[in-house]
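This report describes one protein chain. Please look at the sequence and structure below before reading on.

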Amino acid sequence: MKLSKFKYKLPPDLIAQYPANNRDESRLLVLDKATGELEHKLFKEVIDYFDEQDIFVFNDTKVFPARLYGNKEKTGAEIEVFLLRELNQENRIWDVLVDPARKIRIGNKLYFGENDSLVAEVIDNTTSRGRTLRFLYDGDYDEFKKLLFNLGETPLPREITRKVEPADAERYQTIFARHEGAVAAPTAGLHFSRELMKRMEIKGIDFAFVTLHVGLGNFREVDVEDLTKHKMDSEQIFVKPETVKMVNDAKDNHHKVCAVGTTVMRTLESCVTTKGRLAEYAGWTNKFIFPPYEFSVPDAFISNFHQPYSTLLMMVAAYGGYEKVMNAYEVAVKEKYRFGPYGDALLIK
């Protein structure tokens, strides 16, 4: 499968800059992967496609305020720092991206906040854009973390071109977010409201949770035509015994398992035994799913509409069938569905 196969024309005005007024009132395009038939619905109608004891698997990662703005010592040049992951809690060492990267060298100090309330020193150059920072802070760890996150802002992806607003702190987060560690939201989960989940519960639909801390690797451009040569960045995942039991029991009893989002799909497919059973796991995955691929766990899949050439679109095409998914995207553009993290959703059943 070639990169060029994932080109389609996405008008910029279809990229949603704001979420729907109500989480569960985005539009929902439903694709029957057996027939290719499409239906146009509201997201809250997703419940109509599932029955008692079917199971939805969600990603319960929590986005932290990963984007900071600071100034370089001496020159005062403005620097954007994007926190990726904490490397060493005791020494306050973080893996980060910096922009503009060319201005930052090992030994440089960066100042953040009014009155330079937080200072960091560059201690390593990891990639062309990546750096390792040591935050110079003498207080206890909880104080440091609170200060760091107060200075940060919600890390909306680049395709959302407006300024971050206070409401984004709540809307760019699922209602079941529990485990802090993501720099991007698992966006398919953003459509689930408390009301919809209550209605699902009343219908007897079960919920299971995995954790995948979304990194920026998801959004890194693919720069090779031959997809077998693309390497995904690793992301941390956790699959607990209770989720394993729920999913395997559902499969054994012929109930549907619905993966909510590409992060859940990657997690489930990274933790499958040779017999097609889900297994407990805590570690890292760099699994890259693109057509053709044989899926072991999910019977249905919910995803937002993704950018051309993206690894996320490739995964969706692998699940729904390349021709059928690309046709669904063509219809979505024609019908003016909203694309991106705050956009509408696709259910493949």
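## Salt bridges

Aspartate 168 and arginine 162 are both buried. The two form a salt bridge, with their closest N and O atoms 2.9 Å apart. The model is a predicted one, and the count of salt bridges in it comes to 16.

Another of these pairs is glutamate 80 with arginine 158, whose closest N and O atoms are 2.9 Å apart. This pair links distant parts of the chain: glutamate 80 belongs to strand 6 (residues 78–88), while arginine 158 sits in the loop between helix 1 (141–151) and helix 2 (168–171), 78 residues apart. Glutamate 80 has a relative accessible area of 12%, and because buried means under 20%, it counts as buried. Arginine 158 is exposed, at 53% relative accessibility. Arginine 277 and aspartate 252 also meet through their side chains in a salt bridge, at 2.6 Å from N to O. Arginine 277 is partly exposed, with a relative accessible area of 32%, and aspartate 252 is partly exposed at 43%. Salt bridges with shared partners also join Arg67, Glu80 and Arg158 into one network.

## The chain as a whole

The chain contains 7 helices and 17 strands. Its radius of gyration is 21 Å, close to the 20 Å given by the globule rule for 349 residues, so the chain is as compact as a globular protein of that length. The C-alpha trace spans about 65 × 40 × 40 Å along its principal axes.

Of the 349 residues, 54% are buried. Among contacts with a separation of 6 or more, 71% are between residues 24 or more positions apart. The accessible surface of the chain is about 16,400 Å², and carbon and sulfur atoms account for 47% of that surface.

Which residues of helix 4 are buried? They are Thr243, Val244, Val247, Asn248 and Ala250. These residues cover an arc of only 155 degrees around the axis, which puts them on the same side of helix 4. An α-helix has 3.6 residues a turn, so residues three or four places apart point the same way.

The buried residues of helix 4 pack against strand 3 (55–59), strand 12 (206–212), strand 13 (235–239) and strand 14 (257–260). On the face turned away from this buried side, helix 4 carries the exposed residues Glu242 and Lys245.

Histidine 254 follows helix 4 and is found in the loop between helix 4 and strand 14. Its phi is near 60 degrees, a positive value in a residue other than glycine. Histidine 254 is exposed, with a relative accessible area of 75%.

## Helix 5

How many of the 9 residues of helix 5 are buried? The number is 8, so helix 5 is largely enclosed by the rest of the structure. The buried residues of helix 5 are Thr262, Thr263, Val264, Met265, Arg266, Thr267, Leu268 and Glu269.

## Loops and backbone details

Two loop prolines follow cis peptide bonds. The bond from aspartate 99 to proline 100 is cis, with omega near 0 degrees, and proline 100 lies in the loop between strand 7 and strand 8. The bond from proline 291 to proline 292 is cis as well, with omega near -10 degrees. Proline 292 lies in the loop between strand 15 and strand 16 (300–304). Tyrosine 309, which is not a glycine, has a positive phi of about 70 degrees. This tyrosine 309 is in the loop between strand 16 and helix 6 (311–320), and at a relative accessible area of 36% it is partly exposed.

Glycine 107 is in the loop between strand 7 (93–99) and strand 8 (109–112). Glycine 107 is partly exposed, with a relative accessible area of 33%. Apart from neighbours within four places in sequence, glycine 107 is in contact with Glu73, Glu121 and Val122. The C-alpha atoms of glycine 107 and alanine 20 are separated by 45 Å, and the two residues are 87 residues apart along the chain.

Key
Residues numbered from 1 in each chain as written. Predicted model: local features only at pLDDT ≥ 70, side-chain atom pairs only at ≥ 80, totals over all residues. Heavy atoms only, no water. Buried < 20%, exposed > 50% of the residue type's maximum accessible area, 1.4 Å probe, protein only. Helix = DSSP H or I, 4+ residues; strand = E, 2+ residues; numbered from the N terminus. Arc of directions from axis to C-beta. Contact = heavy atoms within 4.5 Å. Salt bridge = Lys/Arg side-chain N within 4 Å of Asp/Glu carboxyl O. Rg over C-alpha atoms; globule rule 2.2 N^0.38 Å. Areas by Shrake-Rupley, 256 points an atom, 1.4 Å probe, with all protein chains shown as cover.
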